[in-house]
Amino acid sequence: MKGTKLVMLGLAAVMTAGAFAAAGCKPATTPAAEEKPALSGSITVEGSDTMVNLAQAWAEKFQEANPGVMVSVKGGGSGNGIAALINGTVDFADASRGMKDEEKTQATAAGVTPVEAAVALDGICVVVNPANGVTNLSVEQLGKIYRGEITNWKDAGGADKAIVLLGRDTSSGTYEYFKEEVVGKEKEYAKSMRNLASTQAIVDEVKGNDAAIGYVGIGYAANAGAEVKLVQLENIEPTIATVADGSYPLSRSLFMYSNGAPEGVAKAYLDWILADGQGVVEEQGFVKIN
């Protein structure tokens, strides 16, 4: 009886030791990484017609990765986008120019604090019909054409044909930028210039009119391909490289404005645009900022 008792006690001791040993052999468990909650909400964007295709492409790509987010994009011109931001009806204003002083004053009066983010680079391309023999202009010549001082292509190295001037409407940031950089801040566009409502309208008109000249963003020019011809400025061709290094005379930044620093899903969207979204910039024919 005594021997049996000792055997049982010994077995118990062995089992207990085995249990401790087994516990000691188990690998330490690492707490699971905390998953980020899925993004949700809505974002409204309005403004630059130059940027509208890029903005649409950004929205589609972001929504693919974040199906709980709705991004609404509308063109209409930089001025309209900035006005919508001041009125508090959008999260972001797309602009192909910087805000004017009077717009900043209006924003302050409305209690809006515009915060600017450069999101891409662009070059304003001068486009003509492929049948036009002109291949290069100086910025001075281009200014004279758009002020109405040169009205026939023969005076700019082309055929004896009246120049058909095409430009954007006054709400366009490209209209403003081109006026300051080419026409002259204190001067005016020629009264003969046709003010078209969209960049695509300029491309379409140039395609079908061998006397026309217009100006469009580099992304639109790239999409138009061989249907329009790009005119060199100062013997420099508008390319990704010349826009990126600033050697092309009409290189500029493209902006998104928000009321204060964006927060929540709007911040996530802008952060994505400045990082992964730069791949979309290249796909759309514009130039990355980094």
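Colleague: Which residues touch the most other members of the largest nonpolar core?

Modeller: W58, Y146, F178, I213 and Y269, in a core of 73 residues. The model is predicted, so local features need pLDDT of at least 70, side-chain atom pairs count only at pLDDT 80 or more, and totals for chains, interfaces and linings use all residues. Residues are numbered from 1 along each chain as its sequence is written, and side-chain values use heavy atoms, with hydrogens and water left out.

Colleague: What makes a set of residues a nonpolar core?

Modeller: Its members are buried Ala, Val, Leu, Ile, Met, Phe, Trp, Tyr and Cys residues, joined through side-chain atoms within 4.5 Å. Buried means under 20% relative accessible area, exposed over 50%, and partly exposed in between, with a 1.4 Å probe and protein chains only.

Colleague: What does W58 touch, not counting residues up to four places away in sequence?

Modeller: M51, V119, M256, Y269, W272, I273, G277, V280 and V281. Contact means heavy atoms within 4.5 Å.

Colleague: Why are F255 and Y257 called buried?

Modeller: F255 has 12% relative accessibility, so it counts as buried. Y257 has 3%, so Y257 counts as buried too.

Colleague: Why is the ring pair of F255 and Y257 called tilted?

Modeller: A pair of aromatic rings is described by the distance of the centres and the angle of the planes. Rings of Phe, Tyr and Trp (its six-membered ring) pair if their centres lie within 6.5 Å; planes under 30 degrees apart are stacked, over 60 edge-to-face, the rest tilted. Here the centres are 6.1 Å apart and the planes stand at 45°, so the pair is tilted. The whole structure holds eleven aromatic pairs. Y146, Y175, F178, Y189 and Y215 form one aromatic cluster.

Colleague: How do you know that β3 pairs with β1 and β10?

Modeller: Pairing takes at least two DSSP bridges between the strands. β1 (residues 41–47) and β3 have three, in the parallel sense. β3 and β10 (residues 251–259) also have three, in the antiparallel sense. A93 in β3 is the bridge partner of E46, and F255 in β10 is that of A95. From β3 (residues 92–95), F92 and D94 point one way, A93 and A95 the other, and all are buried.

Colleague: Why is Q284 called buried?

Modeller: Its relative accessibility is 19%, so Q284 counts as buried. Q284 sits in the segment after α11 (278–283). Leaving aside neighbours within four places in sequence, Q284 contacts N53, L54, A57 and G219.

Colleague: And what makes S172 buried?

Modeller: A relative accessible area of 2%. S172 lies in the loop between β6 (164–168) and α6 (173–184).

Colleague: How do you know on which side of α7 its buried residues lie?

Modeller: T199, I202, V203 and V206 are the buried residues of α7 (residues 199–207). They cover an arc of only 100° around the axis, so they lie on the same side of α7. The arc is that of the directions from the helix axis to the C-beta atoms. These buried residues pack against β4, β6, β7 (194–196), β8 (212–217) and α8 (218–224).

Conventions. Helix = DSSP H or I, 4+ residues; strand = E, 2+ residues; numbered from the N terminus.
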